[in-house]
Amino acid sequence: MNGKVNRRQFIKLGGATMASFAVLDLGFDTTVTAAQVRESRIKGIKPITTVCPFCASGCGLVVFSETDAEGNFVRVASVQGDPDNPINEGNACAKGSAMFNMREVYDPQTGEQMINPKRILKPMYRAAGSDKWEEKEWDWMYEEIAKRVKETRDAGFTHKEYLADGSEAIVNRNERMAAIGGSCLDNEEAYLQSKLCRALGILYLETQARI
Ligand code: SF4
């Protein structure tokens, strides 16, 4: 060993040191070792590696999940960058690190843990002119989207255009629709979306990804 401390060892060392200080500061039994404290804090916590869902950087994350005695999921305790992932090498931006908010929050009054009430789990539909959102099934939503896309495309599709010299040109243009991609799309999804849009004759293609 050359005496150098690598990133992983540094994080472990720092975590153990901070746990020791925390115990001393709070006046707990100091005969309890930092390792014991650490063990009790991570009891029942299982690390699961995954990929951040938010943007196409595709950072690797470690989700620390608590499971019960039967191995059933109880809660997400923490989310951190995966140090073994070659893309982000343990880093994660504020958005990726806050991924656990997608799942749970703590009730500020009772401290009770619950599913994030702001998380929408079913498609929501608001009819034209209505001020109310209705919960719908996925099948209903897919049908409705497909129907409206078809109607809109057919109503405004330009197949041919006449040029200045009077000759005809096939343009297959749909100027009634636009599409916007998202930073959470990966290469393959972006490719498929662009193919679909071209097939529909859409000209106005944009993306909100600016990273
Ligand atoms: S949102 Fe942040 S953590 Fe997630 S993939 Fe993008 S850069 Fe990485």
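**Legends to the close-up views**

View 1. Leaving aside residues up to four places away in sequence, Cys 52 touches Gly 58, Cys 59, Leu 61, Ala 92, Gly 96 and Met 99. Two residues are in contact if their C-beta atoms, placed from the backbone, lie within 7 Å. This is a predicted model, in which local features need pLDDT of at least 70 and side-chain atom pairs count only at pLDDT 80 or more, while totals for chains, interfaces and linings use all residues. Residues are numbered from 1 along each chain as its sequence is written. Cys 52 also belongs to the largest nonpolar core, whose five residues include Cys 59, Leu 61, Val 79 and Ala 92. A nonpolar core is a set of buried Ala, Val, Leu, Ile, Met, Phe, Trp, Tyr and Cys residues joined through C-beta atoms within 7 Å. A residue is buried if 20 or more other C-beta atoms lie within 10 Å of its own, exposed if 12 or fewer, and partly exposed in between, with C-beta atoms placed from the backbone. Of the 211 residues in the protein, 4% are buried.

**View 2. The shell around the ligand.** Cys 52, Phe 54, Cys 55, Ser 57, Gly 58, Cys 59, Asn 88, Ala 92, Cys 93, Lys 95 and Gly 96 surround the ligand. A residue counts as near a molecule if its C-beta atom, placed from the backbone, lies within 6 Å of it. By type, the shell has six nonpolar residues, four polar and one charged. Here Ala, Val, Leu, Ile, Met, Phe, Trp, Tyr, Cys and Pro count as nonpolar, Asp, Glu, Lys and Arg as charged, and the others, Gly among them, as polar.

**View 3. The loop between S3 and H3.** Asn 85 sits in the loop that runs from strand S3 (73-81) to helix H3 (94-97). Helices (H or I, at least four residues) and strands (E, at least two) are DSSP runs, numbered from the N terminus. Asn 85 counts as partly exposed because it has 19 C-beta neighbours inside 10 Å. Not counting residues up to four places away in sequence, Asn 85 touches Cys 59 and Gly 60. Its C-alpha atom is separated by 9.8 Å from that of Val 62, 23 residues apart along the chain. Glu 89 also lies in the loop between S3 and H3, and its phi is positive, near 45°. Most residues other than glycine have a negative phi. With 13 C-beta neighbours inside 10 Å, Glu 89 is partly exposed.

View 4. Strands S8 (residues 157-162) and S9 (residues 168-181) run antiparallel and are joined by five bridges. Two strands pair if DSSP finds at least two bridges between them. Glu 161 has Ala 169 in S9 as its bridge partner. Five residues lie between the strands of this hairpin, where Gly 166 takes a positive phi near 90°. None of the six residues of S8 is buried, so the strand lies largely in the open. Asn 172 is placed in S9 and has a positive phi near 45°. It is partly exposed, with 13 other C-beta atoms within 10 Å.

**View 5. Helix H5.** The 13 residues of H5 (residues 187-199) should span 18 Å at 1.5 Å a residue, and the end C-alpha atoms are 18 Å apart, which agrees. The expected span is 1.5 Å times one less than the number of residues. The number of buried residues in H5 is zero, so the helix lies largely in the open. Gly 201, which follows H5, has a positive phi near 80°.
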